[in-house]
Amino acid sequence: MPYIGNDIVDLRQPANVNSSRDSRFLKKVLTAAETEFVRNADNPAAALWSFWAAKEAAYKVIRKINNGASFLPRRWEVLLCPASRHHFDGEVALSGESKIFVRLFLEEEFLHCLAADEAGALDKIICSHAFLADEESVSEADASSFLRDFAARKIAEYLRVNTSVVRIERNIIEGAPGAPRLLVGDAVSFGDISLSHDGRLVAYAFLP
């Protein structure tokens, strides 16, 4: 089964808007060509976070393949091309000939990136996002709980099962939290899932 990842970025978060002006941050997470692209972009923040979201979503896939893998964004190159009026398709080139396939949805207030280790899997991913009512009053733990409940409810609707039989738990690998897993019914893993939240937004991706 293909592995998937996803990442959502709230483009209205003040920190996210200002990061595109931080030369040290750009140098830390982007290649030289990507940095130059951001500096010349009409919307530098959207350009920066498009690259970041692609790398973050790809990393979530990589960690499922190799739990010991390191996050090396500066060494990874993102290639994106318009695929429709609504999204970009591309890939994150890793070391050697290895790559992860990505699909980026860019909206006015946020962007959402999907990733998979097989290009065809991107067409099969079920995904959705939601806004938190008041991000300033929601703790990290509360946002994570809201996201798990939101994803479980949406996936239950898709599978046409009762929400009570759908659970999302963290895999524990060598004593440390790993990627989330989806359990349906009698604690049987089902498909692959990825969760993400940033600022006012939460998102999930599900591959049946």
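**Salt bridges**

A search of the whole structure finds 10 salt bridges. A salt bridge here is a side-chain nitrogen of Lys or Arg within 4 Å of a carboxyl oxygen of Asp or Glu. This is a predicted model: local features need pLDDT of at least 70, side-chain atom pairs count only at pLDDT 80 or more, and totals for chains, interfaces and linings use all residues. Residues are numbered from 1 along each chain as its sequence is written, and side-chain values use heavy atoms, with hydrogens and water left out.

Select Arg200 and Asp10. Their side chains meet in a salt bridge at 2.8 Å, N to O. The pair links distant parts of the chain, 190 residues apart: Arg200 sits in the loop between β10 and β11 (201-207), Asp10 in strand β1 (residues 4-10). Helices (H or I, at least four residues) and strands (E, at least two) are DSSP runs, numbered from the N terminus. Both Arg200 and Asp10 are buried. Buried means under 20% relative accessible area, exposed over 50%, and partly exposed in between (1.4 Å probe, protein chains only).

Glu109 lies in the loop between β4 and β5 and Arg200 in the loop between β10 and β11, so the pair ties together parts that are 91 residues apart in sequence. Arg200 has a relative accessible area of 17%, so it counts as buried. Glu109 is partly exposed, at 27%. Through shared partners, salt bridges join Asp10, Glu109 and Arg200 into one network.

Next, select Asp123 and Arg103. Their side chains meet in a salt bridge of 3.0 Å, N to O. Asp123 is in the loop between β5 and β6 and Arg103 in strand β4, 20 residues apart. Arg103 counts as buried at 12%.

**A buried lysine without a salt bridge**

Select Lys60, in helix α4 (residues 44-65). Lys60 is buried yet has no salt bridge. The nearest side chain of opposite charge, Asp7, is 4.1 Å away. For charge, Lys and Arg count as positive and Asp and Glu as negative; His and the chain ends are not counted.

Where does the Lys60 side chain reach? To the backbone oxygen of Asn6, at 2.8 Å. Show the surroundings: leaving aside neighbours within four places in sequence, Lys60 is in contact (heavy atoms within 4.5 Å) with Gly5, Asn6, Asp7, Ser194, Leu195 and Ser196.

Move to Ser194, in strand β10 (residues 192-198). Ser194 is buried, with a relative accessible area of 2%. Its side chain makes a polar contact with the side chain of Asn6 at 2.8 Å. A polar contact is a pair of N or O atoms within 3.5 Å; within protein, one must be able to donate a hydrogen and the other to accept it, and residues adjacent in sequence count only if both atoms are side-chain atoms. Not counting residues up to four places away in sequence, Ser194 touches several residues, including Ile4, Lys64 and Tyr204.

**The nonpolar cores**

Now select Trp49 and Val92. They have the most contacts inside the largest nonpolar core, which has 30 residues. Such a core is a set of buried Ala, Val, Leu, Ile, Met, Phe, Trp, Tyr and Cys residues joined through side-chain atoms within 4.5 Å. Color α2 (23-29), α4, β4 (99-106) and β5 (110-116): each supplies at least two residues of this core. Helix α4 gives the most, with 13 residues. A second, separate core of 18 residues includes Leu147, Ala151, Ala152 and Ile155.

**Aromatic pairs**

The whole structure holds 13 aromatic pairs. Rings of Phe, Tyr and Trp (its six-membered ring) pair if their centres lie within 6.5 Å; planes under 30 degrees apart count as stacked, over 60 as edge-to-face and the rest as tilted.

Select Trp49 and Trp52. Their pair is edge-to-face, 6.0 Å centre to centre with 80° between the planes. Being 3 residues apart in helix α4, they are separated by about one helical turn. Trp49 counts as buried at 7% relative accessibility.

Then select Phe110 and Phe131, another edge-to-face pair: 6.2 Å centre to centre, 85° between the planes. Phe110 is in strand β5 and Phe131 in strand β6 (residues 126-131), so the pair ties together parts 21 residues apart in sequence.

Last stop: ring pairs link Phe25, Trp49, Trp52, Tyr59, Phe71 and Trp76 into a cluster.
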